Amino acid sequence: MAKVQVLNVAVLDNPSPFGNPFQFEITFECMEDLAEDLEWKIIYVGSAESEEYDQILDSVLVGPVPAGRHMFVFQADAPNTGLIPESDAVGVTVVLITCTYRSQEFIRIGYYVNNEYTDPELRENPPIKPDYTQLQRNILASNPRVTRFHINWEGCAERMEDSENVDPSSNSMLPPSCLPGKAPPLGVLPDNSMDCL
Amino acid sequence: MLCKPIFSVDIHPDGTKFATGGQGEDSGKVMIWNMAPVLREEDEKNENIPKMLCQMDNHLACVNCVRWSNNGLYLASGGDDKLVMVWRRAAFIGPSTVFGSSSKLANVEQWRCVTILRNHTGDVMDVAWSPHDVWLASCSVDNTIVIWNARKFPEMVTTLRGHTGLVKGLTWDPVGKYIASQADDHSLKVWRTVDWQMEANITKPFSECGGTTHVLRLSWSPDGQYLVSAHAMNNSGPTAQIVERDGWKTNMDFVGHRKAVTVVKFNPKIFKKKQKNGSSPKPSCPYCCCAVGSKDRSLSVWLTSLKRPLVVIHDLFDKSIMDISWTLTGLGMLVCSMDGTVAYLDFSLDELGDPLNEEEKNSIHQNIYGKSLAITSTEAQLSTTIIENPEVLKYQQERQNSAQANSGPGGAAPESSAPKLNSVMNGESLEDIRKNLLKKQVETRTADGRRRITPLCIAQLDTGDFSPALFNSVPILPSGSSMSSQLTPQLSSDSSPGQASSMGLKPTHDPMLTSPPPNNTAKPLEDNNDGVKSSLLLTSASKIEPMKALDSRFTERSKATPGVTAAISSTAGLTPLDRPKDGVTAQKEAKTKEETSSDSEDKMAAINKNLTFGKRKPELLLDGGEVVEKRKKGRPRKDKMAASMAQPFTQPSKVVAPPAPVAVLKLPTPSTQKAFSLQVSMEPSVFLEVENEVSMVAGSKLSQLRCSRDGRDWNTLLPSSVVVAAGSSDILAVACEDRMLSVFSSCGRRLLPAIQLGTPASALHCSAHYVMVLTAGATLSVWDVQKQKALVKNESLLTILSGADTTVSQSLLTQQGVPVIGLSNGKSYCFSSSLETWTLIADKSDSLVQCADFRSCLPSHDTPASSGPLAVMQGRNLNNIKCNKETQEYRYWLLIYARFLVNEGSEYRLRELCKELLGPVHKSAATSWEPTTLGLRKRELLREVLPVIGENLRFQRLFTEYQDQLELLRNK
């Protein structure tokens with residue numbers, strides 16, 4: 001069983017204008033002291049059609065985590081509108097909160113999100129190019145969808161074993177300094193980047 | 001109920017609730033239900049009586065088995081996620097929902113997982129608590145059975161290996177001597193609990209079986225005489241095989257089911273034929289009752305006294321029966337099925353017979369096994385007994401608390417030790433904290449520039465007063481939010497009384513459905529906005545439902561999330577050099593995640609194994625360390641001598657000394673050594689050194705006795721060779737070849753004139769200021785050096801040395817000057833100077849002593865006290881101890897004796913004991929009652945004994961009676 005149980009997620013500042021940061025107040029309980037930090041992510045699904053348009057809005061480490069009940073507020077900037085297909089801007093999509101321990105995802109909390117114009121005029125005749133300043137984001141906070149995954153809580157032996165088995169010539173084993181060319185230049189990076197895989 | 005399969009059902013020992021285990025939506029599910037609505041229709045209709053008490057979604061995969069511990073405090077569950085979880089009811093009261101659960105029903109009771117037992121590498125199919133909840137057994141498709149120490153979770157006792165197929169069922173022998181398992185490998189195996197080895201392997205009835213059932217839940221009859229298997233075959237027909245305890249014979253079976261038997265469950269009661277009113281009572285054999293469930297969807301109930309089933313119920317379910325549970329009364333039964341339903345069956349006494357009460361059941365056990373199940377098995381029965389005395393209640397509660405604190409799984413700290421919520425919060429209300437949490441929470445950057453939030457600890461585990469209601473409360477909006485002004489009226493309307501009533505039952509705050517009423521105070525424009533918005537929201541909510549394209553995103557783990565890097569760099573402004581590193585790790589993550597789940601699970605299993613091996617090693621090392629230490633203790637002779645005084649000299653003498661030449665000499669004498677030394681006392685440290693035949697003076701041999709006490713030496717010369725020497729912290733004694741006994745103070749002063757012994761000394765002991773000498777002529781003498789008085793004079797051992805070959809194997813002297821003699825025939829005697837006779841204090845060959853139950857009453861924390869000499873000699877009768885004047889030991893054994901009597905339930909003996917301790921309430925000249933024994937006030941002793949008596953509710957009247965009298969006496 002998971003050492004960490006999410007007891008509640010309260011969606012703050014909801015509904016809100018599209019450009020407002022996401023705010024989730026997360027309450028979780030931990031059965032025993034954790035040796036490492038938890039990593040939380042907020043993923044915005046840009047389009048129902050493809051994972052290509054997923055955006056990781058932010059990722060935070062949470063720690064140290066002793067046994068007990070804890071809470072924190074996870075705030076992340078709104079998605080980068082430039083990466084959302086225009087046809088998917090208005091309507092229903094999903095925001096996901098995931099938590100990983102030792103790089104293993106053990107819980108995924110999903111919410112439906114509805115983006116709508118507040119102005120009846122715009123609702124009737126939406127502009128072809130979405131006007132994000134007029135959009136309102138509404139998270140269906142009452143209906144979280146929680147999926148839990150079985151992970152190995154006892155140490156990262158699994159990963160160590162993996163790295164041992166990896167072909168030493170593969171990129172993953174190269175020191176980081178060997179790979180600068182593969183990273184996109186910083187200046188081109190938008191505020192929020194896209195999940196490329 | 002749900003239509004997901006229910007694999008297991010178990011009724012709580014108190015009969016007020018039951019647990020089910022099965023498949024949830026995307027996890028395993030354990031649910032605890034209220035029994036009352038099942039039993040009574042009016043309770044079912046009463047909406048105020050909850051049906052579901054708690055649901056737990058923690059198992060990641062289907063739950064195959066749920067079992068309550070015999071004491072009802074714990075629930076164990078095992079599932080396809082390879083885990084066994086042990087649950088305990090949490091202290092806090094009040095409903096809460098499981099976060100993210102589709103069902104919005106609140107949990108009435110809070111059950112929390114107190115320990116997770118990880119060891120199995122495959123689905124856990126069955127779990128079973130041993131009688132008295134000493135062990136928990138679990139079996140798995142990994143072909144093993146694991147025995148867990150239920151008093152010290154998650155400690156493993158052992159793993160039973162031997163099955164070559166999926167193990168699908170477990171049952172404990174009610175006497176606790178065996179555990180039986182049934183597996184897909186066409187075998188039923190019986191394992192001994194003494195050494196955890198296989199006792200029997202029964203294969204014949206199963207050779208024709210195909211591995212087609214999900215479970216093979218076998219069961220042991222309450223009298224322990226029969227074991228009934230699940231799926232067996234006889235002449236190609238499915239049966240439930242009866243295995244007799246006597247020789248594990250398989251001559252009988254339950255026949256009639258058309259498909260494989262999945263579950264067998266014995267009724268916990270033993271029955272006897274119901275006596276009809278008026279008819280003369282006929283002696284009849286007690287019998288058991290057994291329910292058999294099958295894949296053919298039918299249930300049969302059998303009495304061992306009938307050749308045909310008592311009742312067969314066909315088509316009870318749409319799918320296979322998976323589990324059966326009887327109520328402790330034996331008259332009700334829950335049956336669950338793969339079709340997701342549970343059925344309750346109710347029997348009358350006319351149908352089943354008269355259930356034997358616990359006493360009668362115990363006496364059957366006593367007759368068969370020579371041992372009753374005693375206190376624990378009756379406890380469940382007694383839980384319904386009304387506690388009549390607040391003191392008894394107090395003792396019972398204290399006992400439960402200490403039991404929970406000591407033996408609770410996982411050794412969880414008692415609730416009381418958890419700090420109060422307020423102290424955690426520094427007096428701030430939780431609402432205040434939540435308002436400012438975002439601003440107040442500590443956020444730092446790690447070395448690689450990542451955000452790191454320190455979570456606010458709002459409660460220790462198991463804080464009783466923490467209200468879970470919080471989790472569904474209204475979200476608090478950060479004051480800085482741009483929406484706050486717009487939403488303020490909404491919030492205030494929420495808290496207005498009219499609105500609150502409509503919101504009252506909603507478990508969560510649902511902004512989508514909140515329609516803000518036109519607010520008089522707010523501006524018209526805002527009102528409009530709100531009105532429009534609410535309608536918009538309602539439409540959007542309805543629009544959301546059919547969006548199934550997104551649903552998969554909720555459940556699928558993201559394949560990779562390398563975008564993190566970019567997100568971080570954008571906020572943290574990382575240098576380009578840092579980024580690729582993150583990208584690399586992300587890629588690696590992706591790789592791990594893309595592996596097939598089974599692969600990674602296997603790996604995980606392997607790692608788990610490694611881990612347990614890793615853990616074991618140090619244990620082994622520790623063991624080794626202990627052995628070494630023990631050996632070290634044993635090696636230096638000095639220590640041992642100090643502990644047992646001069647005894648080592650008698651021991652070698654038996655081997656070395658030639659048989660006494662003279663017939664008079666019954667006992668061997670030690671041979672004279674050239675020199676020897678011994679430590680006679682540790683505190684102060686006194687060493688004794690003897691050197692014989694040091695010098696010849698005028699033809700006579702002189703021997704030297706040297707003594708060093710706390711570093712100060714003295715020595716003296718003796719005219720004859722020293723044969724034995726002994727000493728205590730106060731005195732030293734030496735016996736010489738010329739049969740002279742000399743006694744010195746530890747500083748070298750002669751305390752007694754030289755004593756002429758009749759025959760050479762065989763053994764010599766000193767203790768405190770007493771000297772004991774055992775002569776070769778088999779006589780015993782004890783002197784009190786301080787009082788210069790003989791306590792025992794030349795008492796012959798011939799009375800106790802019956803039989804030609806009997807010799808003295810051990811002798812010692814207690815601190816009170818009581819001589820104790822251990823004989824080679826296993827008997828031990830002491831000489832009582834007041835009775836002037838030998839008294840038997842222990843007899844190893846006495847089979848009664850060997851089988852005595854008092855050992856089971858030894859409380860573990862008392863063991864240091866048992867190191868007294870009598871523990872060595874195996875004391876049994878209290879009066880013996882009294883003879884030996886061992887004050888502390890008397891107290892110790894008295895309490896043991898009381899506990900023994902309490903456990904055995906012999907009230908008249910307890911009463912006699914209490915009476916003796918209490919003495920007459922009114923003083924009269926005629927009584928000869930001594931208020932003290934061995935310097936202990938008897939009434940004080942009674943005060944100590946009473947809590948022991950209070951532990952068994954059956955004796956609460958006795959407890960009350962003597963408690964009151966003690967109070968009365970104290971007030972006088």
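This is a predicted model: local features need pLDDT of at least 70, side-chain atom pairs count only at pLDDT 80 or more; totals for chains, interfaces and linings use all residues.
Student: Where does strand 36 of chain B lead, and which way does strand 37 of chain B run beside it, parallel or antiparallel?

Tutor: Strand 36, which spans residues 722-727 of chain B, is joined by five bridges to strand 37 of chain B, and the two run antiparallel. They form a hairpin, with three residues between the two strands. You can follow the pairing residue by residue: B:Val722 has B:Cys736 of strand 37 as its bridge partner, while B:Ala725 stands opposite B:Val734 of strand 37.

Student: What lies on the other end of the pairing, where strand 37 of chain B meets strand 38 of chain B?

Tutor: Strand 37 of chain B is also joined by five bridges to strand 38, residues 740-745 of chain B, and this pair is antiparallel too. One of the bridges has B:Ile731 with B:Ser745 of strand 38 as its partner. These two strands form a hairpin with three residues between them, and in the turn B:Arg739 has a positive phi of about 60 degrees.

Student: Why is strand 37 of chain B described as largely enclosed?

Tutor: All its residues count: six of the six residues in strand 37 (residues 731-736) of chain B are buried, so the strand is largely enclosed by the rest of the structure.

Student: What does the whole of chain B look like in numbers, from its helices and strands to its buried share?

Tutor: Chain B contains 24 helices and 49 strands, and 50% of its 972 residues are buried. Of the contacts in chain B between residues at least 6 apart in sequence, 52% join residues at least 24 apart. The chain exposes about 45800 Å², and carbon and sulfur atoms supply 53% of that area.

Student: How should I read aromatic pairs, and how many does a search of the whole structure find?

Tutor: The search finds 26 aromatic pairs over all chains. A pair is described by the distance between its ring centres and the angle between its planes, and A:Phe18 with A:Tyr132 is a tilted case, at 4.9 Å centre to centre and 40 degrees between the planes. Since A:Phe18 lies in the loop between strand 2 and strand 3 of chain A, and A:Tyr132 in the loop between helix 1 and strand 9 of chain A, the pair ties together parts that are 114 residues apart in sequence. A:Phe18 is buried at a relative accessible area of 2%, and A:Tyr132 also counts as buried, at 16%. For an edge-to-face case, look at B:Phe831 and B:Trp838, which lie 5.1 Å apart centre to centre with 80 degrees between the planes; both residues are buried.

Student: Which residues do the ring pairs around A:Phe18 link into a cluster?

Tutor: The cluster consists of A:Phe18, A:Phe22, A:Phe24, A:Tyr44, A:Tyr111 and A:Tyr132. A charged residue is found over one of these rings, for A:Arg137 lies over the face of A:Phe22, at 3.7 Å from the ring centre.

Student: Which residues touch the most other members in the largest nonpolar core?

Tutor: This core has 44 residues, and the ones that touch the most other members are A:Phe24, A:Ile26, A:Phe28, A:Leu38 and A:Trp40. Several strands of chain A give two or more residues to this core, among them strand 1, strand 3 and strand 4, and strand 8 of chain A gives the most, with six residues. Another core, of 29 residues, lies apart from it and includes B:Val9, B:Cys62, B:Ala128 and B:Ile145.

Conventions. Residues are numbered from 1 along each chain as its sequence is written. Chains are lettered from A and ligands numbered from 1 in the order in which they are written. Side-chain values use heavy atoms; hydrogens and water are left out. Rings of Phe, Tyr and Trp (its six-membered ring) pair if their centres lie within 6.5 Å; planes under 30 degrees apart count as stacked, over 60 as edge-to-face and the rest as tilted. Helices (H or I, at least four residues) and strands (E, at least two) are DSSP runs, numbered from the N terminus. Buried means under 20% relative accessible area, exposed over 50%, partly exposed in between (1.4 Å probe, protein chains only). A charge sits over a ring if NZ of Lys or CZ of Arg is within 6 Å of the ring centre and within 35 degrees of the ring normal. A nonpolar core is a set of buried Ala, Val, Leu, Ile, Met, Phe, Trp, Tyr and Cys residues joined through side-chain atoms within 4.5 Å. Contact means heavy atoms within 4.5 Å. Accessible areas come from the Shrake-Rupley method with a 1.4 Å probe; for residues, only the protein chains shown count as cover. Two strands pair if DSSP finds at least two bridges between them.
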